[in-house]
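User: I have a chain open here and want to go through a few spots in it. Can you take my questions as they come?

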Amino acid sequence: MKVFRGDDVAFGPADARSFVGPAQARLLASANKGASVHVYHVQFDAGARTNWHTHSGPQWLLITEGRVRVQRWGEPAMDVSAGDLVVFAPHEKHWHGAAPGGRGVHIAMNIDATTEWLEPVSEADYLRSTM
């Protein structure tokens, strides 16, 4: 058994090459034995979001606070709330961030995945109405 203590890891600014707007992130846990798993705690302030990106393995998002906007390439964006879970399949182009007008927080679990960061999400696409 291994315990990862959240208080042992401080939040830092999210990488401006991969995020738009004010966001903070921290790596909560990481394991590379068996299936590689990386768990991130991400806080998006109003207007913040990731760039478009893909993962080589699945990514699970557990929304823990506020509302988060998610979008898969070629589909309308959707807002999800605290308690909701989102799963992106391997190689699915997507983005996620705070829903407009508020803050959103999630735990991201990347399983056997490396991330390929792509272009930023435009302001027009970010604000476009959801399904």
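User: Asp 84 first: how exposed is that residue?
Analyst: Asp 84 is partly exposed, because its relative accessible area is 33%, which falls between the 20% and 50% cut-offs. Keep in mind that this is a predicted model.

User: Where does Asp 84 lie?
Analyst: In the loop between strand 8 and strand 9.

User: And which residues is Asp 84 in contact with, leaving aside neighbours within four places in sequence?
Analyst: Leu 61, Leu 62 and Ile 63. I can also give a distance to Ile 107, which is 23 residues away from Asp 84 along the chain: their C-alpha atoms are separated by 11 Å.

User: Ok, step back. What does the secondary structure of the chain come to?
Analyst: There are 12 strands and 1 helix.

User: What radius of gyration does the chain have, and what would a compact globule have?
Analyst: The chain has 14 Å, and a compact globule with 131 residues would have a value near 14 Å, so the two agree. The C-alpha atoms fill a box of roughly 45 × 30 × 30 Å along the principal axes.

User: How much of the chain counts as buried?
Analyst: 40% of the 131 residues. The chain exposes about 7000 Å², and 56% of that area is supplied by carbon and sulfur atoms.

User: What share of the contacts is between residues 24 or more positions apart?
Analyst: Such pairs account for 68% of the contacts with a separation of 6 or more.

User: Now aromatics. How many pairs do you count?
Analyst: The count comes to 4 aromatic pairs. One of them is Trp 52 with Trp 73, an edge-to-face pair at 4.9 Å centre to centre and 80° between the planes.

User: Where do those two Trp residues sit?
Analyst: Trp 52 is in the loop between strand 5 (49-50) and strand 6 (53-55), and Trp 73 is in the loop between strand 7 (59-72) and strand 8 (78-81). The pair links distant parts of the chain, 21 residues apart.

User: Is Trp 52 buried or exposed?
Analyst: Trp 52 counts as buried, because its relative accessibility is 4%, under the 20% cut-off.

User: What about Trp 95 and Tyr 126?
Analyst: They form a tilted pair, 5.9 Å centre to centre with 55° between the planes. Trp 95 is in strand 10 (residues 94-98) and Tyr 126 is in helix 1 (residues 123-127), 31 residues apart. Both Trp 95 and Tyr 126 are buried.

User: Which residues form an aromatic cluster?
Analyst: Phe 19, Phe 44 and Trp 117 form one.

User: Last topic, backbone. What is phi of His 91?
Analyst: Phi of His 91 is near 70°, a positive value in a residue other than glycine. Most residues other than glycine have a negative phi. His 91 lies in the loop between strand 9 (85-88) and strand 10. At 58% relative accessibility, His 91 counts as exposed.

User: And Asp 112, what is its phi?
Analyst: Near 45°, again positive in a residue other than glycine. Asp 112 is in the loop between strand 11 (104-111) and strand 12 (115-117), and counts as partly exposed at 46% relative accessibility.

Notes:
Residues are numbered from 1 along each chain as its sequence is written. This is a predicted model: local features need pLDDT of at least 70, side-chain atom pairs count only at pLDDT 80 or more; totals for chains, interfaces and linings use all residues. Side-chain values use heavy atoms; hydrogens and water are left out. Helices (H or I, at least four residues) and strands (E, at least two) are DSSP runs, numbered from the N terminus. The radius of gyration is taken over C-alpha atoms; the globule rule is 2.2 Å times the number of residues to the power 0.38. Buried means under 20% relative accessible area, exposed over 50%, partly exposed in between (1.4 Å probe, protein chains only). Contact means heavy atoms within 4.5 Å. Accessible areas come from the Shrake-Rupley method with a 1.4 Å probe; for residues, only the protein chains shown count as cover. Rings of Phe, Tyr and Trp (its six-membered ring) pair if their centres lie within 6.5 Å; planes under 30 degrees apart count as stacked, over 60 as edge-to-face and the rest as tilted.
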